[in-house]
Amino acid sequence: MTAPPPPAIELAAVAKRFGAVQALRGVDLVLHSGEVHALVGENGAGKSTLVKMLAGVHRPDTGTLRVDGQETAFHGPLDARKAGIAVIHQHPTLFPDLDVAENVFMGRQPRDRFGRVDWRGMYREVGRLLGTLGVRIGVRTPVKALSVADQQLVEIAKALSLQARVLVMDEPTASLSAREVERLFAIVRRLRDDGAAILFVSHRLDEIFAISDRITIVRDGAHVLTASASELSTGETIRHMVGRRLEALFPKEDAEIGDAVLSVHGLSRAGHFRDVSFELRRGEILGLFGLVGAGRTEVARVIVGADRADAGEIRMDGRAVRIGSSSAALTHGIAYVPEDRHGQGLVLDFPIAANVTLPILPRLGRFGMLNRNRERAIAGDYAARLQVKAAGLGAAVSSLSGGNQQKVVLAKWLATDPKVLILDEPTRGIDIGTKAEVHRIVSHLATGGMAILLISSELPEVLAMADRVLVMHEGRLTGAFSRAEATQENVMVAATGQAAVAHGVA
Amino acid sequence: MASRSAPGRADRLVTLVGRVRELGLLIALLVLVVAVGLRAGDRFLSLGNLRTVLLAVSILAVMAAGQTLVVLTRNVDLSVASIVGLTTFVAGDLFKQNPGIAVPLVVGLACLLGLALGAINGALVTVGRVPAIVATLGTLYVYRGTTFWIAGGEQVNVSDVPDGYRDIAMTRAVADVPNPILIAGAIALVVAYVLRYTRIGRQLYAIGSNPDAARLAGIRSDRLVFGAFAACGLLCGLAGVLWGARYGRIDSRAATGYELQVVAAVVVGGVNIFGGAGTVLGAVLGAVLLGTVANALTILRFDAFWLQAISGLAILIAVTIDLLITRRVGRTLLAGRNR
């Protein structure tokens, strides 16, 4: 290697803490002009925080940021832009009603000598920019009429018009077709050859190895290694991504596993997942692991009737059922605890008691009149069992801690007395103590004969809790492991889609 | 490539829809004019009646131009009619209490008052973070209440205002066209110019289209939204001047209930109630369309009740067509993307 000029961007030992969570603990990232640099890591490894630092959204608590060797600090997105950094997000941040040209030049529209927006000049310039990218998109087309892939190209054109020398691409391929990815990569390579520094964040290892020159791996907010892509194999990369010691955090009780309660066969929903089949048995905790966007939540939503399947069959206790709504799911004994407990799980201003009994309201009274005493009795029972810490059952849920809110959500669905409990990221964003408690409760429920589908992005949680582990990648099941077979490496290989490649399963 | 041609077609379709929104309105207007003209003949199809219709909607059009600025930013101003009521009464009262006061001074003060009232709305929304629909519902009552309080049961009579004031609305400065029509036309042109040819105008669209993206693009949203409310207030102040000059006799209930007609005109005119899309031309055409319907019903001797029902129907039809087109286009796109 020749002696390099100062890197375009250098993050040295940056750290960032959000409340109780240490998102980054000393990460180094060096980005040179003329390279495509991949940033790889598990969910929650700190990739997004790094991207947001480069975008000027977050400032590091400690550590330094250098642009062209000069130490600097970004006080907002505009500073990052001025430093020549453009960020292309997974979901483009554009103005859907406005045309392509205006999206590229919003706030910086060229003006003629009377100070009027020079529409013609703008259309010409944007046409030229898109031409250099080799794409054919009408400059007058409203952005809402474009595919996501084309919208990303509009973002890239915007970056070019800003003379950005550093392009940060956050999961740019997540919603693109294979052909669109190819086209994007051709453009990325050309920008690199023209001297741009490109940071490419992705979950897809095959793409990372196809496009990047160097790879930086982060894990748990810390820097693991940076190496040339040619020196790394996918296997090594995965090992570095997951290479964490498993701690026996969670007490998993042995439960007697019975007959299949819920079985799903060939379930598909266009654009989300395809051909998903599995069985969930009484007393079993079935882990469903996958990286963000793998389609796990989408599967759950179809099972509980929130979305429709295009194909496939759902059986409860061996009988085919049609579940067209959440209340139908409840009737069949399936309860779903969503990931977003604020948006979907709880009415924050309501007291605990009312929240717990919300799904079973019809059972609580007669002639449309609510029996308050029964409401309190039922809510009190579950709150006690789950050890919800609160001033009383009348306390508003908004006054509780995140962990206790999560227990109220659990209590709410347990009150429906389900046979199948689907938990979607049950411990995201709650402290470690409550986390262990939630795990204890889940484990205890399984011992009691409940069938539990545990959706989680946290590998250690899945490995510790689940009797079996299913793995999804891009809308397909790519792995099924028994508790004994499920190692971090095995599961991560399946989750990154490498298993399918290795075994020739298309 | 199949995946290329389908979006291409959809692209053009959406572009066309964006362009012809006003054209569709014009066609609806034409159909209406021909249909009514066939039944009512000269009573409807005459230069005199055209003048009547345009004069009747001129004040509405000024207010609709102001409302368009606000609605484009994904906000709404429900207090517009109360601003007109307060400014028109204050202007009339100034003449009544100070005989001989200069007309331009009163006009200027009325416009300033409108600006101030609009600025209060803007501050409530941008500084107070009160949702616009609630904030301006509040000021709708506060401004009207203030008018009642100032009026104290009194009213301004035709004899209280000088001829020079009434001339603003009652003369025809150019080619036999009543002044309010000229003024409304001029204002529509100015606002249209701002929206089309200034960065600020384009940023108003950006804010309404995607507030988050606007922030990331470094647009000072709060400032611009505040400005939109203030400008809307200013135009309503001017509408108040026109109102007083036109009617001469002013009580504290002037323009009561007018706000819904303004919103109706804007929505019928194709301005997206969720911001980001629409033009002043459309809003003014919307006002003209509603005014023409009102005029036609009067000439055809329909009950006043029908006017309201048909205005309501016009809103529903306009919004439904909008939605249908948007959805159709979306479906075409999806079909194109499923390779």
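The model is predicted, so local features need pLDDT of at least 70 and side-chain atom pairs count only at pLDDT 80 or more, while totals for chains, interfaces and linings use all residues. Residues are numbered from 1 along each chain as its sequence is written, chains are lettered from A in the order in which they are written, and side-chain values use heavy atoms, with hydrogens and water left out.

**Stop 1: the domains of chain A**

Colour chain A by domain: domain 1 is 9-242, domain 2 is 247-333 + 420-506, and domain 3 is 348-417. The bounds come from an automatic or database domain assignment. Over C-alpha atoms, the centres of domain 1 of chain A and domain 2 of chain A are separated by 33 Å. Their contact (heavy atoms within 4.5 Å) takes 11 residues from domain 1 of chain A and 13 residues from domain 2 of chain A.

**Stop 2: between domain 1 and domain 2**

Domain 1 of chain A and domain 2 of chain A bury about 1100 Å² between them, with 61% of it on carbon and sulfur atoms. Buried area is the accessible area (1.4 Å probe) that two parts lose on being put together, summed over both. How many salt bridges are there between domain 1 of chain A and domain 2 of chain A? The count is zero, a salt bridge being a side-chain nitrogen of Lys or Arg within 4 Å of a carboxyl oxygen of Asp or Glu.

Next select α7 (205-211) and α8 (234-242) of chain A, the elements that give two or more residues to the side of domain 1 of chain A that touches domain 2 of chain A. Helices (H or I, at least four residues) and strands (E, at least two) are DSSP runs, numbered from the N terminus. α8(A) gives the most to that side, with five residues.

**Stop 3: a salt bridge in chain A**

Show the side chains of Arg192(A) and Asp213(A), which form a salt bridge with the closest N and O atoms 3.1 Å apart. Arg192(A) lies in helix α6 (residues 178-193) of chain A and Asp213(A) in the loop between α7 and β9 (214-219) of chain A, so the pair ties together parts that are 21 residues apart in sequence. Over all chains, the count comes to 25 salt bridges.

**Stop 4: chain B against chain A**

Show both chains: 30 residues of chain B are in contact with 33 residues of chain A. The area buried between chain B and chain A is about 2800 Å², and carbon and sulfur atoms give 54% of it. One salt bridge is counted between chain B and chain A. To find it, select Arg202(B) and Glu102(A), whose side chains meet at 2.5 Å, N to O. On the side of chain B that touches chain A, at least two residues each come from α1 (2-40), α7 (179-197), α8 (199-209), α9 (211-216) and α13 (304-337) of chain B.

**Stop 5: annotated spans of chain B**

An unreviewed UniProt entry places the feature "transmembrane region" at several spans of chain B, including residues 23-41 and 102-124. UniProt positions are given in the numbering used here, feature names are shortened, and annotations may be inferred rather than shown by experiment. Residues 23-41 of chain B are 95% helix and 0% strand, with end C-alpha atoms 25 Å apart. For residues 102-124 of chain B, the chain is 96% helix and 0% strand, and the end C-alpha atoms are 33 Å apart.
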